[in-house]
Amino acid sequence: MKLQKPKGTQDILPAESAKWQYVEGFAREIFKRYNYAEVRTPIFEHYEVISRSVGDTTDIVTKEMYDFYDKGERHITLRPEGTAPVVRSYVENKLFAPEVQKPSKFYYMGPMFRYERPQAGRLRQFHQIGVECFGSSNPATDVETIAMAAHFLKAIGVQGVKLHLNTLGNPESRAAYRQALIDYLTPMKDSLSKDSKRRLEENPLRVLDSKEKEDKAAVENAPSILDYLDEESQAHFDAVRQMLKNLGVDYIIDTNMVRGLDYYNHTIFEFITEIEGNELTVCAGGRYDGLIAYFGGPETAGFGFGLGVERLLLVLEKQGVALPIENALDVYIAVLGEGANIKALELVQALRQQGFKAERDYLNRKLKAQFKSADVFAAKTLITLGESEVESGRVKVKNNQTREEIEVSLESISQNFTEVFEKLGF
Ligand code: ATP
Ligand code: MG
């Protein structure tokens with residue numbers, strides 16, 4: 001056994017984690033404007049919370065679950081997605097109660113687990129930022145949630161994402177379409193992949209979602225759900241399209257998009273970008289009006305999306321978008337000689353207490369090496385503290401760019417560094 005990370009996982013090292021924090025912070029800011037609040041659910045759930053809600057015949061449940069029996073013989077799975085856990089929590093905590101404001105809007109961010117074949121933008125532990133909105137069947141909810149994802153993606157700097165839109169209609173429309181699809185696919189069953197032969201029996205809409213070449217060819221001329229919508233489903237979809245137009249959100253109708261989870265109805269969508277000739281879905285979601293009742297709550301509408309953080313970062317990197325990450329040090333203290341060690345400790349602590357980002361030398365190195373560190377940390381100011389400075393109680397604070405210097409007493413900057421910092425141009 002090699003002491004290495006499991007296949008399909010990543011260590012997010014400091015240079016990278018700064019980007020993660022930026023993306024997460026950015027999402028929090030945007031979600032706040034739409035009146036969303038954070039919910040944090042466990043990373044593992046009872047297997048049944050996921051299996052039937054996501055769909056017993058979906059790839060996620062049949063192939064990708066990290067499930068196990070714990071020491072108490074409970075069937076547990078690491079969560080593969082965020083919606084089922086949030087709905088489970090909503091119902092379990094009775095947040096549907098009349099005194100709770102509706103719609104209720106939640107967001108989450110955190111790791112998800114799927115046993116997949118790892119490749120670019122596809123990991124076994126990956127991270128999602130997602131939102132769920134409960135209690136509004138107004139198509140304006142579909143549209144503002146899609147618009148919020150578009151808002152986030154645009155504001156963070158992603159270019160050229162296309163919004164793919166489809167509807168699955170209400171359960172009646174979906175049943176009618178399901179039959180039409182069976183009638184269409186059955187004569188060409190032999191040309192389907194092994195998985196899709198099974199899907200045709202169990203869950204024919206899933207064939208549309210297949211990534212296999214032969215299945216893609218087979219469904220090219222498949223009937224369209226749009227021809228099977230009843231009045232209610234048609235009206236909802238028309239309203240969504242009209243409102244997207246009102247907001248100036250461009251979209252493409254993609255009737256072969258069905259999404260990888262079974263709980264959706266009406267509106268579904270994906271934001272897709274092209275990376276080196278491959279289509280990559282960055283964000284995906286839709287409406288799931290039956291899910292809350294499925295978990296034992298009252299009939300309650302639901303709408304949400306999940307956004308893949310690794311995929312977002314991949315797209316930003318490939319598109320050359322530099323995130324504005326501020327990591328410069330305010331002060332670096334170069335320390336010269338054993339006799340300055342304690343004073344350096346006191347000073348660096350005093351500066352941090354005042355709110356400055358401060359670092360010092362700990363290793364008694366040559367001054368040249370210490371100045372190099374100040375540059376590496378992009379220190380705005382530099383203080384050199386030697387034994388003579390300790391004795392006189394006076395130091396020089398230098399602007400590390402312009403080289404401008406101000407001499408001050410150690411005592412004064414320990415109390416208040418702001419004045420000097422500002423005088424040096426910060
Ligand atoms: P795909 O068709 O690419 O497998 P999916 O339909 O399984 O995606 P969802 O369950 O909708 O994906 O998850 C929402 C988002 O989470 C995806 O659009 C993607 O950005 C991200 N995502 C899903 N699976 C992975 C994974 N294994 N690694 C990294 N990101 C993922
Ligand atoms: Mg998948």
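## Starting with a strand

A strand here is a DSSP run of E residues, at least two long, and strands are numbered from the N terminus. With that in hand, let's look around this predicted model, beginning at K105, which sits in strand 5, residues 104-113.

Is K105 buried or exposed? It counts as buried, because its relative accessibility is 17% and the cut-off for buried is under 20%. A polar atom of the K105 side chain lies 3.0 Å from the backbone oxygen of Y34. Setting aside neighbours within four places in sequence, K105 is in contact with Y34, N35, Y36 and A37, and also with E132, C133 and E144.

Now for the ligand. There are 16 residues around ligand 1, and the ones that come nearest are R114, E116, R122, K211 and R259. Sorted by class, the shell has 6 charged residues, 5 polar ones and 5 nonpolar ones.

For K211, the distance from a side-chain N or O atom to a ligand oxygen is 2.8 Å. E116 pairs up with a nitrogen atom of ligand 1 instead, at 2.5 Å from an N or O atom in its side chain. As for cover, ligand 1 taken alone exposes 590 Å², and the protein buries 92% of that.

Strands have a hand in this shell too. Strand 6 (125-134), strand 10 (278-287) and strand 11 (302-308) each supply at least two of its residues. Strand 10 gives the largest share, with 3 residues.

N138 is partly exposed, with a relative accessible area of 40%. A polar atom of its side chain lies 2.8 Å from the backbone nitrogen of A140.

What does N138 touch beyond the residues up to four places away in sequence? The answer is M243 and R287. Then there is M148, which is 10 residues from N138 in sequence; their C-alpha atoms are 16 Å apart in space.

How many disulfides does the structure hold? It holds 0. Take C133, one of the contacts of K105. Its closest cysteine sulfur is the one in C283, but at 15 Å that is too far for a bond. A disulfide would need the two sulfur atoms within 2.5 Å.

Both cysteines are tucked away from the surface. C133 counts as buried at 1% relative accessibility, and C283 is buried with a relative accessible area of 1%.

## Helix 12 and its cover

Last stop: helix 12, residues 309-318. This helix is mostly covered, with 7 of its 10 residues buried. Which residues of helix 12 are buried? They are V309, E310, R311, L312, L313, V315 and L316.

The cover over these buried residues includes two helices, helix 1 (14-33) and helix 5. Strands take part as well, including strand 6, strand 9 (265-275), strand 10 and strand 11. After helix 12 comes G320, which has a positive phi, near 70°.

Definitions and conventions
Residues numbered from 1 in each chain as written. Chains lettered and ligands numbered in written order. Predicted model: local features only at pLDDT ≥ 70, side-chain atom pairs only at ≥ 80, totals over all residues. Heavy atoms only, no water. Near = heavy atom within 4 Å. Polar contact = N/O pair within 3.5 Å; in protein donor to acceptor, adjacent residues only side chain to side chain. Areas by Shrake-Rupley, 256 points an atom, 1.4 Å probe, with all protein chains shown as cover. Helix = DSSP H or I, 4+ residues; strand = E, 2+ residues; numbered from the N terminus. Nonpolar A, V, L, I, M, F, W, Y, C, P; charged D, E, K, R; others polar. Buried < 20%, exposed > 50% of the residue type's maximum accessible area, 1.4 Å probe, protein only. Contact = heavy atoms within 4.5 Å.
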